[in-house]
Amino acid sequence: MSLGRRLAAEGLGSALLLAIVIGSGIMGEQLASGNVAIALLANALATGAGLSVLILVFGPVSGAHFNPLVSIAEAMRSGLPWREVPLYVAVQIAGSFAGVAAAHAMFGKPLFFASRHVRAGWPMLWSEVVAAFGLLLAILAISKTHPAATPFAVGAYITAAYWFTASTSFANPAVTLARAASDTFAGIRPEDVLGFIAAQAIGAIAAFWVYRWLFAYPGSGNRSP
């Protein structure tokens with residue numbers, strides 16, 4: 001695929017992902033009548049299912065990264081040219097903000113408004129380390145060992161991680177930045193964003209090196225593809 005088509009796929013996929021995350025959070029909160037557990041369940045199921053579909057749709061075009069951490073990891077294992085990484089990241093971020101605006105428009109809210117949802121403290125940051133570690137390890141490993149299962153595995157992991165992490169598993173810098181512009185159920189205060197992204201980077205780096213060690217091929221100099 002041409003670079004232009006791949007970038008378009010990444011941008012569109014990222015936009016749809018954020019529309020799903022934000023829109024399902026708004027709808028879940030509106031219909032749950034104050035029951036946060038029900039709202040979170042709706043948000044998690046919609047996000048996991050939607051992400052699986054988006055990977056199936058856009059995976060053959062761009063790889064369906066939708067996440068700067070995934071694009072960087074792919075470049076580190078020679079799956080994406082380094083010169084294209086900044087372009088992938090740029091369209092992922094732009095697409096994510098477009099998705100936030102689209103979701104807000106569907107529910108009659110301002111296109112962007114800063115979140116007041118507090119997500120601070122070491123438990124939250126540690127949650128993002130764990131969330132990003134698990135997500136990147138799953139993507140790197142399953143895309144090599146069972147590639148056809150990747151969309152469903154990633155969607156299932158995200159659904160589970162909404163519930164087993166205190167942060168509800170952002171695990172994506174582009175998503176984190178965009179969710180700061182949404183004062184809704186899925187939002188995050190702008191002042192909490194930098195800590196989340198740093199924690200996600202730590203988790204992703206750890207996942208990449210664990211992947212290389214666990215899935216090293218004999219005679220390959222302890223390097224996995």
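A residue counts as buried when its relative accessible area is under 20%, as exposed when that area is over 50%, and as partly exposed in between. By this criterion, buried residues make up 51% of the 225 residues in the chain. The model under discussion is a predicted one.

The chain contains eight helices and zero strands, so that its elements, read from the N terminus, follow the order α-α-α-α-α-α-α-α. Its radius of gyration is 17 Å, close to the 17 Å that the globule rule gives for 225 residues, and the chain is therefore as compact as a globular protein of that length. Taken along the principal axes, the box filled by the C-alpha atoms is roughly 60 × 40 × 30 Å. Among contacts with a separation of 6 or more, 73% are between residues 24 or more positions apart.

The packing of the helices may be considered next. Two packed helices are described by the angle between their axes and the distance between the axes. Helix H1, spanning residues 3–31, packs against helix H2, residues 36–62, at an angle of about 170° and with the axes 8 Å apart. Angles over 145 degrees count as roughly antiparallel, and H1 and H2 are therefore roughly antiparallel to each other. Sorted by class, the contact of H1 with H2 has 13 nonpolar, eight polar and four charged residues.

A second pair is formed by helix H5 (residues 122–145) and helix H6 (residues 150–164), whose axes come within 10 Å and cross at roughly 165°. That angle makes H5 roughly antiparallel to H6. The crossing in which H5 passes H6 is right-handed. On the H5 side, Val130, Ala131, Gly134, Leu135, Ile139, Ile142 and Ser143 take part, and they meet Thr150, Ala153, Val154, Tyr157, Ile158 and Phe164 of H6. By class, this contact of H5 with H6 has 10 nonpolar, three polar and no charged residues.

Where does Leu56 lie, and what does it touch? Leu56 is placed in helix H2, and with a relative accessibility of 45% it counts as partly exposed. When residues up to four places away in sequence are not counted, Leu56 touches Pro151 and Phe152. The C-alpha atoms of Leu56 and Thr150 are separated by 8.9 Å, although these residues are 94 residues apart along the chain. Thr150 is also one of the H6 residues that meet H5.

Leaving aside neighbours within four places in sequence, Ser167 is in contact with Arg119, Met124, Ser127, Glu128 and Phe196.

Backbone geometry supplies a further point about the loop. Most residues other than glycine have a negative phi. Thr168, which is not a glycine, has a positive phi of about 65°. Thr168 is found in the loop between H6 and H7, and its relative accessible area of 12% makes it buried. Ser169, in the loop between H6 and H7, likewise has a positive phi, near 55°, in a residue other than glycine. Ser169 counts as buried as well, at 3% relative accessibility.

Note on methods
Residues are numbered from 1 along each chain as its sequence is written. This is a predicted model: local features need pLDDT of at least 70, side-chain atom pairs count only at pLDDT 80 or more; totals for chains, interfaces and linings use all residues. Side-chain values use heavy atoms; hydrogens and water are left out. Axes are lines fitted to C-alpha atoms, for helices over the stretch in contact, and angles run from 0 to 180 degrees between N-to-C directions. Helices (H or I, at least four residues) and strands (E, at least two) are DSSP runs, numbered from the N terminus. Angles under 35 degrees count as roughly parallel, over 145 as roughly antiparallel, 65 to 115 as roughly perpendicular and the rest as oblique. A crossing is left-handed if the near helix is turned anticlockwise from the far one by less than a right angle, and right-handed if clockwise. Contact means heavy atoms within 4.5 Å. Ala, Val, Leu, Ile, Met, Phe, Trp, Tyr, Cys and Pro count as nonpolar, Asp, Glu, Lys and Arg as charged, and the others, Gly among them, as polar. The radius of gyration is taken over C-alpha atoms; the globule rule is 2.2 Å times the number of residues to the power 0.38. Buried means under 20% relative accessible area, exposed over 50%, partly exposed in between (1.4 Å probe, protein chains only).
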